[in-house]
Amino acid sequence: MSASTHSPVLKHHFEDLHQQHASERLGMWMFLATEVLFFAGLFAAYTIYRMLYPAEFEFASSKLLWSIAAINTLLLVSSSFTMTMAIRSAQLGDKKALARRLLITAALGSGFMGLKAFEYATDFHEKLVPGELFQSELVSADLELNGMTAEQAAAYKFDDAKHEHWAQELAKHNFGKGPGDEGFISPERVQLFLMFYYVMTGIHGVHLVVGIGCVLWLVVETYRDKIPPENYSTVEMVSLYWHLVDAIWLFLMPLLYLAGAGMHH
């Protein structure tokens with residue numbers, strides 16, 4: 001019998017640690033495959049509507065806070081590095097380095113969520129959300145332009161903002177136009193983009209919160225001496241999930257934030 005047979009982390013239904021680790025990896029990859037299929041459906045639906053309604057999606061995308069998204073991308077890429085280094089620390093049995101790198105990973109993920117919460121709060125403050133708030137802002141801007149000529153509307157400066165609000169810009173852009181007219185940006189289709197934005201980033205956020213919880217659980221297990229070098233695969237399994245969440249964001253960021261980054265109104 002191999003030495004690994006006597007390891008306290010070896011489950012009774014496995015012959016040795018090699019078989020146990022292989023089974024863990026297989027199970028995790030199967031789970032990740034279902035996650036990829038889930039997000040692939042969202043990405044496919046977004047891509048189809050993006051091709052159907054390019055002007056509306058570009059307009060809505062240009063109003064998102066891409067600077068925050070860029071910082072969040074840096075945070076997640078950095079967290080993938082620290083998570084990978086945590087695996088190496090686990091392999092070497094360096095408990096202090098393992099705990100430190102796991103805590104840094106959790107902190108970077110928490111920083112992402114904090115900035116995302118600030119971004120959501122800003123969007124809600126601007127009423128850049130589908131539904132009643134969106135409609136009320138647009139109706140208010142339309143009423144302020146009511147009765148003007150096309151020339152007056154184009155030159156009109158709204159008094160209550162240093163920079164034109166998205167609803168004011170949309171109202172001026174659509175002034176004198178109706179559905180089907182060239183250049184008309186449909187408010188309903190703009191809201192469709194926003195639905196994709198909140199659903200996709202919201203689901204990603206839930207996955208990241210779960211990932212942060214798993215990383216913190218690893219920290220607890222580290223201090224309880226439950227992750228000896230021969231059981232480094234526990235850290236590896238969580239890292240696979242973490243990397244998937246990071247990879248999903250690397251697709252979400254350009255699709256949502258950069259679609260209208262170069263748009264001129």
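This is a predicted model: local features need pLDDT of at least 70, side-chain atom pairs count only at pLDDT 80 or more; totals for chains, interfaces and linings use all residues.
1. The residues in contact are Glu 56, Phe 57, Phe 59, Ala 60 and Ser 61 on the α2 side, and Arg 189, Val 190, Leu 192, Phe 193 and Phe 196 on the α8 side. Sorted by class, this contact holds 7 nonpolar, 1 polar and 2 charged residues.

2. On the geometry of that pair: α2 covers residues 54–61 and α8 covers residues 187–223, and their axes come within 8 Å and cross at roughly 60 degrees. The two helices, α2 and α8, are therefore oblique to each other.

3. Setting aside neighbours within four places in sequence, Phe 193 is in contact with Tyr 46, Phe 57, Ala 60, Ser 61, Leu 64 and Leu 256. Among these partners, Phe 57, Ala 60 and Ser 61 also belong to the α2 side of the contact with α8.

4. Phe 193 turns up again in the largest nonpolar core, which has 63 residues; Phe 193, Val 235 and Leu 256 are the ones that touch the most other members. Two or more residues each come from α1 (17–52), α2, α3 (66–92), α4 (95–125), α5 (132–145), α7 (166–174), α8 and α9 (233–257). The biggest share is from α9, which gives 14 residues to this core.

5. Next, α9 and its packing against α4. The axes of α4 and α9 are 13 Å apart, at an angle of about 30 degrees. That angle makes α4 roughly parallel to α9, and the crossing of the two is left-handed.

6. The residues behind that packing are Leu 98, Thr 105, Gly 109, Phe 112, Lys 116 and Glu 119 of α4, together with Val 235, Trp 242, Trp 249 and Tyr 257 of α9. By class, the α4 and α9 contact comprises 6 nonpolar, 2 polar and 2 charged residues.

7. Finally, a loop residue: Phe 175 sits between α7 and α8. Is Phe 175 buried, partly exposed or exposed? Its relative accessibility is 25%, so Phe 175 counts as partly exposed. Not counting residues up to four places away in sequence, Phe 175 touches Leu 145, Met 148, Thr 149, Ala 150 and Ala 153. Leu 145 lies 30 residues from Phe 175 along the chain, and their C-alpha atoms are separated by 8.1 Å.

Methods: Residues are numbered from 1 along each chain as its sequence is written. Side-chain values use heavy atoms; hydrogens and water are left out. Axes are lines fitted to C-alpha atoms, for helices over the stretch in contact, and angles run from 0 to 180 degrees between N-to-C directions. Helices (H or I, at least four residues) and strands (E, at least two) are DSSP runs, numbered from the N terminus. Angles under 35 degrees count as roughly parallel, over 145 as roughly antiparallel, 65 to 115 as roughly perpendicular and the rest as oblique. Contact means heavy atoms within 4.5 Å. Ala, Val, Leu, Ile, Met, Phe, Trp, Tyr, Cys and Pro count as nonpolar, Asp, Glu, Lys and Arg as charged, and the others, Gly among them, as polar. A nonpolar core is a set of buried Ala, Val, Leu, Ile, Met, Phe, Trp, Tyr and Cys residues joined through side-chain atoms within 4.5 Å. Buried means under 20% relative accessible area, exposed over 50%, partly exposed in between (1.4 Å probe, protein chains only). A crossing is left-handed if the near helix is turned anticlockwise from the far one by less than a right angle, and right-handed if clockwise.
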